[in-house]
Amino acid sequence: MRPPVSRHRPSHEGPTGPRPRTYSADLTPPWKKQQPVPEVAAEPGLVVEEPGTGFCGAVIRCEAGTVTLEDRFGKHRVFPLEPRGFLLEGRVVTLVRPASGPVRPTRTASGSVAVPGARARVARAGRIYVEGRHDAELVEKVWGDDLRIEGVVVEYLEGVDDLPSIVAEFAPGPDARLGVLVDHLVPGTKEWRIAQSVTSEHALVVGHPYIDVWEAVKPSSLGIAAWPRVPHGQDWKTGVCRALGWPSENTGAVWQAILKRVGSYKDLEPELLGRVEELIDFVTAGGDAGLR
């Protein structure tokens, strides 16, 4: 006699036989699972590496969607804020904007300590005259924040041929000192002889040794090995552009491209840095006048 057939099949059997078992648990080995990537606030001074380019630097600025890094040579690079986008001490992290808002640089472009929220001081009676429009633009870009806090106005000086009469018209005094920055101030040159004729004790004339202020920008900041030598008698800017393959017919546009590559004082030669700092000190805090 056959045993009775049960009306109830085991739970693992279907109408035609055993059904496949299903599992709700994740059986992926732990070492194969993608670990969550920590989010790190892009605070000033945080040193990270962008693995795609290998660029390693400290955070100096964080804006909507981007972060600016500065490497140990003073070069700046801007990168997008993307998930899993950076390495922090060898670990993959995602940089995010700090909760307090945009990261503000801790120092100005001149290297001075930044004063967030500081208001510009009422302009002093003293002034700094800078020979050359490009020179004035460079001074403004690197020292602009410092000059506004100190209340120092920089004015563009077209040339130095009439410098003695310009100084006399300004009439510098103890409370209205005048500083002048001159191109190519080398002993024996025309500029040197003109500068020597300025005798006011409340005026200081200084200069850099370069034929043009372009040379005061470090070649490494522009990705070139050195500034080319231009034969005597040839226009310097034109000769430089031709030697480097830059558009010589529009040197103004070339200068603007150069200026964009200047992020701070680290992109400039010491011979210019020292002279500008000397003028600011003289106009704001006094000092020995004369020719330097």
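Me: How far apart are Asp145 and Arg148 in helix H1, counted in helical turns?

Reply: About one helical turn. The two are three residues apart in helix H1. Keep in mind that this is a predicted model.

Me: What do Asp145 and Arg148 form with each other?

Reply: A salt bridge. The closest N and O atoms of Asp145 and Arg148 are 3.4 Å apart.

Me: And why can side chains pair like that?

Reply: Opposite charges can pair when the charged atoms come close.

Me: Is Arg148 buried, exposed or partly exposed?

Reply: Partly exposed, with a relative accessible area of 38%. Glu140 is partly exposed too, at 38%. Asp145 comes out at 42%, so it also counts as partly exposed.

Me: How many salt bridges does the structure hold?

Reply: Seven. One of them joins Arg275 and Glu278.

Me: Tell me about that one. Where do Arg275 and Glu278 lie?

Reply: Both are in helix H7, which covers residues 270–285. They sit three residues apart, about one turn of the helix.

Me: Is Glu278 buried or exposed?

Reply: Buried, with a relative accessible area of 17%. The cut-off for buried is under 20%, so Glu278 falls inside it. Arg275 is at 26% and counts as partly exposed.

Me: Which residues are closest to its centre?

Reply: Tyr210, Ile211, Asp212, Glu215 and Trp236. They belong to a lining of 26 residues.

Me: Which elements give two or more residues to that lining?

Reply: Helix H1, residues 133–150, and helix H5, residues 236–244. The largest share is three residues, and it comes from H1.

Me: How does the lining of that pocket divide into nonpolar, polar and charged?

Reply: Nine residues are nonpolar, six are polar and 11 are charged.

Me: What does a probe show about empty space, in general?

Reply: Rolled over the atoms, a probe the size of a water molecule shows where empty space is left.

Me: Buried or exposed?

Reply: Thr68 counts as buried, at 6% relative accessibility.

Me: What does Thr68 touch, not counting residues up to four places away in sequence?

Reply: Ala58, Val59, Ile60 and Arg61, and also His76, Arg77 and Val78.

Me: Zoom out. How many helices and strands does the protein have?

Reply: Seven helices and 14 strands.

Me: And what percentage of the residues count as buried?

Reply: 40% of the 292 residues.

Me: Last one. Take contacts between residues at least 6 apart in sequence. What percentage join residues at least 24 apart?

Reply: 64% of those contacts.

How values were computed: Residues are numbered from 1 along each chain as its sequence is written. This is a predicted model: local features need pLDDT of at least 70, side-chain atom pairs count only at pLDDT 80 or more; totals for chains, interfaces and linings use all residues. Side-chain values use heavy atoms; hydrogens and water are left out. On a 1 Å grid over the protein atoms alone, a cavity is a set of points where a 1.4 Å probe fits but cannot get out, and a pocket is an open set with protein on both sides within 12 Å along at least five of seven lines; lining residues have an atom within 4 Å of a point. Helices (H or I, at least four residues) and strands (E, at least two) are DSSP runs, numbered from the N terminus. Ala, Val, Leu, Ile, Met, Phe, Trp, Tyr, Cys and Pro count as nonpolar, Asp, Glu, Lys and Arg as charged, and the others, Gly among them, as polar. Buried means under 20% relative accessible area, exposed over 50%, partly exposed in between (1.4 Å probe, protein chains only). Contact means heavy atoms within 4.5 Å. A salt bridge is a side-chain nitrogen of Lys or Arg within 4 Å of a carboxyl oxygen of Asp or Glu.
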